[in-house]
Amino acid sequence: MEILNPWALILLIFIPLFFKHRKLNTLKKITIYSQKNYFFLIAFLLLVTALCRPVINNGYINVKLPKTNIIIGLDISKNMQKHDFYPDNLEFAKNKFSKFVKYLNYEPVSLLLFDKDVYLLSPLSTDYNSVVYLLIHIPKIQTSFYPDFYNLIKKTNQFKNPKVLVIFTNSTASKKALEKAKNKNLKVFIYFIGKQQNKTMENFARITDGGIVYAGYSNTDIKNLSSMINSINKKRVIKIKDKKELFYYPLFLGILFIFLALFKGRK
């Protein structure tokens, strides 16, 4: 057993003060209220015990946590308003994103929207429902025609390693963006929303040891994308103390004795 708040024992110095105060009263008064006073004293001792927070140590337990942060870049440029997929590429990407997070292993996810600029819609979070809600309810804004992948990659500097970048887009990255990604410790996975094969984007994923998946109406594409990411996401193990709190037992008894003392005081 261990006491987490030993400082609470200082409160015991009030007990001698309590008896000193009672000696100043008449003998008759002490006789009448002695039982009530003892109940208060017991309640005080129990509440002090509760404040000390006694616990039982059950040793350590291992907890597995995701090791990789996933940054998702969703292209919102005007180029995504094409109708390669129903109803348009952007709405199609939103729908695929909401399905994609369901296949993840609770890795922290951050969502960035980007055209020529980059906007943080959600910081790292495992509350996927909230991230999807934010995405569905974003207002319509004026965007540039083509996205800037270079700025998107620069934005990932704000996140700690290890991390992967997943891009939902139908555009082609510039050579400058590819060079930037190549020199960073960043794996890039691309969900390409287009009818034609894109060699540049395939190379983009390859030079970063990432991968590319082409969009389709079935869930196979999203399952493949999530499987690639889950396969590289090694989990870290942390040890935490397994403690059983015992404070609520003396707390309950202390409150009970306070009620008893008050009840006796009415007689």
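Strands β3 (residues 69–75) and β6 (residues 163–169) run parallel and are joined by six bridges. Helices (H or I, at least four residues) and strands (E, at least two) are DSSP runs, numbered from the N terminus. This is a predicted model, where local features need pLDDT of at least 70, side-chain atom pairs count only at pLDDT 80 or more, and totals for chains, interfaces and linings use all residues. Residues are numbered from 1 along each chain as its sequence is written, and side-chain values use heavy atoms, with hydrogens and water left out.

**The sheet**
- Gly 73 has Ile 167 of β6 as its bridge partner.
- Six strands form an open sheet in the order β5-β4-β3-β6-β7-β8, with mixed pairing (two strands pair if DSSP finds at least two bridges between them).
- The edges are β5 (118–125) and β8 (211–214); each has a single partner strand, so one side of each lacks a neighbour in the sheet.

**Helices on the sheet**
- Helix α7 (residues 199–207) lies across β6, β7 (187–192) and β8, and runs at about 150° to β7 (angles run from 0 to 180 degrees between N-to-C directions, with axes fitted to C-alpha atoms, for helices over the stretch in contact).

**Where α3 meets α8**
- Helix α3 (residues 89–100) packs against helix α8 (residues 220–232) at about 50°, with their axes 10 Å apart.
- Contact (heavy atoms within 4.5 Å) is made by Lys 96, Lys 99 and Phe 100 of α3 with Asp 221, Ile 222, Leu 225, Ser 226 and Ile 229 of α8.
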